[in-house]
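Dear colleague,

Please find below the structure that I am handing over to you. My notes on what was found in it follow directly after.

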Amino acid sequence: EAVGLYNLGQSCCLNSLLQVFLMNIRFTRILRRITVPSPAQRRSNVPYQMLLLLEKMQCGKCKAVGPTELACCLSEHRVKLFVQHDAAQLFLTLWNLLKKQMKRPELVEELSDLYTICVQEHLACQKCSFEVKSNSTMLTLPLPVLDANSHRLKTLEDSLQYFFHPEELTGQNMCFCQQCGRKTTFLQSMKLVHLPQTLTLHLKRFCFERSSRTHKLSHSLPFPQELDLREVLTEDQCLADDSEKDTWQYELFAVVAHSGSSSCGHYCAYIRSLTECKWYCFNDSEVCQVSWDDVKCTYGHSNLNWTETAYLLFYMKKHPQ
């Protein structure tokens, strides 16, 4: 049965992310193959402590277990406890620690294949033929929920298209052109090169106002159970061959939802069991089976800012290579 995690004190964000990691069978297959020979190293090794927590959850007969040892291990690596965390930032922190402490190169490579997105950034001068191309990797796609004119984007597909839409850099944003010898208008675009087994989408619902206070955007943004990136993005937004694109069909695996305001809130996770194909809500120590209609309640609502709103979406490939 699905097992919850006790809240150690403002640890709902950590608990939700741990459940998303540990409910991913492809991730736990990698985790089970780590080796940490020294007992002294094991105490401060995040992958090893995560493995111990997984075994405790699978072997115990309690409805919930405490992630105390893992939390202490994380504190040794400067992850603050008993504070409000941002789920996207904490996800990146956990990922970096996992990747850094998995010593075997083949496991690091498998972990990267499981989560890492590859994109190419393209800058082209609009006055001459000068252009710059650079490849980079990302753990999440940080998707806007508003366009440049602060108009609400209506669906997840709209957000994806807007993220990869070319942007003209003018005025203060102009770049120096080596060929022109001065600052000129550039066209900046992002092209998708490679997608991982588990695709993580970050809905940028927290934004800075002019008063430098963070504001939460809670309006509705529907997301599908099945996502085919070939149908969402244009040819100009992709830089991949047909065999790569054929694997860009995804099913929703998990949703990390946030309730409350930007300064005071709570996280929980909705996760689809890969063995049972049933949806569960992981709310710290409480775990219950839910329906797709319950998951859809995290789409958001403009007039209900304190309700659960999807913040991180995890999609898994339907037909992995």
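At what angle do H6 and helix H7 pack, and how far apart are their axes? Helix H7 (residues 105-115) packs with H6 at an angle of about 155°, and their axes are 10 Å apart. (Axes are lines fitted to C-alpha atoms, for helices over the stretch in contact, and angles run from 0 to 180 degrees between N-to-C directions.) The two helices, H6 and H7, are therefore roughly antiparallel to each other; angles under 35 degrees count as roughly parallel, over 145 as roughly antiparallel, 65 to 115 as roughly perpendicular and the rest as oblique. Phe91, Trp95, Leu98 and Lys99 of H6 meet Val108, Leu111, Ser112 and Tyr115 of H7, where contact means heavy atoms within 4.5 Å. The residues of this contact of H6 with H7 divide into six nonpolar, one polar and one charged (Ala, Val, Leu, Ile, Met, Phe, Trp, Tyr, Cys and Pro count as nonpolar, Asp, Glu, Lys and Arg as charged, and the others, Gly among them, as polar).

The model is a predicted one, in which local features need pLDDT of at least 70 and side-chain atom pairs count only at pLDDT 80 or more, while totals for chains, interfaces and linings use all residues. Residues are numbered from 1 along each chain as its sequence is written, and side-chain values use heavy atoms, with hydrogens and water left out.

Helix H6 (residues 87-101) also packs with helix H1 (residues 12-22), at an angle of about 55° and with the axes 10 Å apart. (Helices, H or I of at least four residues, and strands, E of at least two, are DSSP runs numbered from the N terminus.) That angle makes H1 oblique to H6. Cys13, Leu14, Leu17 and Phe21 of H1 make the contact with Ala87, Leu90, Phe91, Leu94 and Leu98 of H6. The residues of the contact of H1 with H6 divide into nine nonpolar, no polar and no charged.

Turning to the strands, an open sheet of four has the order E4-E3-E9-E6, with antiparallel pairing (two strands pair if DSSP finds at least two bridges between them). Strands E4 (131-138) and E6 (167-169) stand at the edges, each with a single partner strand, so one side of each is left without a neighbour in the sheet. The twist averages 25° from one strand to the next. Strand E3 (residues 117-125) pairs with E4 in the antiparallel sense over eight bridges, and His122 stands opposite Lys133 in E4.

Yours sincerely
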